[in-house]
Amino acid sequence: MSEPIFRAWDNKNKRWLTDFLINKTGVVYADDVTELKQWYPVDATLCLSTGLKDRNGKMIFEFDIIQSGIYRLIVQFRDGSFVVKIYNSLETYVSLSKYYLNLNQFEKIGSSLANPELLEQKQNG
């Protein structure tokens, strides 16, 4: 089994962290981007890679928004597996593995963390 791949969203500064560490207890540390390489704890949301790619070859992570036709789906990790939540539904979750064979129909359009407006645009548009 391969190593898990994470990316991290800085909740305070609203940006993806390019250089970060995760300690054994799950605390995320970011680099202060100076030559001193000082590490400091940050309030970050970790996003686990699904190991899958969309039709354009983009890696799909937890909290990503994928689109197929008129549907926008949010990727989440629940109860030990990846699922997609149909945006604007109360609690409708479907296993991502169910869509795996048709993943070439999906396009990653952003992240619900970095691009929440994508969900609003679809709702209003």
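**View A. The hairpin of β3 and β4, where glycine 26 takes a positive phi near 90°.** Five residues lie between the two strands of this hairpin. The model is a predicted one: local features need pLDDT of at least 70, side-chain atom pairs count only at pLDDT 80 or more, and totals for chains, interfaces and linings use all residues. Residues are numbered from 1 along each chain as its sequence is written, and side-chain values use heavy atoms, with hydrogens and water left out. Strand β3 covers residues 20–22 and strand β4 residues 28–31, and they pair in the antiparallel sense over three bridges. (Strands are DSSP runs of E with at least two residues, helices are runs of H or I with at least four, and both are numbered from the N terminus; two strands pair if DSSP finds at least two bridges between them.) Isoleucine 22 has valine 28 in β4 as its bridge partner.

**View B. Moving on from β4 to β5.** Strand β5 (residues 39–42) pairs with β4 in the antiparallel sense, over four bridges. Valine 28 turns up again here, with valine 42 in β5 as its bridge partner.

**View C. An open sheet of five strands.** Read across, the order is β11-β10-β9-β8-β12, and the pairing is antiparallel. Why is one side of β11 and of β12 left without a neighbour in the sheet? β11 (93–95) and β12 (107–111) stand at the edges, and each has a single partner strand, so one side of each has no neighbour there. From one strand to the next, the twist averages 35° (axes are lines fitted to C-alpha atoms, for helices over the stretch in contact, and angles run from 0 to 180 degrees between N-to-C directions). Within this sheet, β9 (residues 71–78) and β10 (residues 81–86) pair in the antiparallel sense over six bridges, and leucine 73 stands opposite isoleucine 86 in β10.

View D. Most residues other than glycine have a negative phi. Lysine 14 sits in the loop between β1 (6–10) and β2 (15–17), and at 55% relative accessibility it counts as exposed.

View E. Tryptophan 9 and tryptophan 16 make an edge-to-face pair, 5.0 Å centre to centre with 70° between the planes. Phenylalanine 77 and phenylalanine 82 have ring centres 4.9 Å apart and planes at 65°, so this pair is edge-to-face. Phenylalanine 77, with a relative accessible area of 37%, is partly exposed, whereas phenylalanine 82 is buried at 15%.

**View F. Arginines over rings.** The charged end of arginine 7 sits over the ring of tryptophan 16, 4.1 Å from its centre. Arginine 78 puts its charged end over the ring of tyrosine 93, 4.1 Å from the centre of that ring. (A charge sits over a ring if NZ of Lys or CZ of Arg is within 6 Å of the ring centre and within 35 degrees of the ring normal.)

**View G. Proline 116, in the loop between β12 and α2 (117–124).** Proline 116 is partly exposed, with 41% relative accessible area. Isoleucine 65 is 51 residues away from proline 116 along the chain, and their C-alpha atoms are separated by 9.2 Å.

**View H. Stepping back to the protein chain, with its two helices and 12 strands.** Along the sequence, the pattern runs β-β-β-β-β-β-β-β-β-β-β-α-β-α. Of the 125 residues, 37% are buried.

How values were computed:
Buried means under 20% relative accessible area, exposed over 50%, partly exposed in between (1.4 Å probe, protein chains only). Rings of Phe, Tyr and Trp (its six-membered ring) pair if their centres lie within 6.5 Å; planes under 30 degrees apart count as stacked, over 60 as edge-to-face and the rest as tilted.
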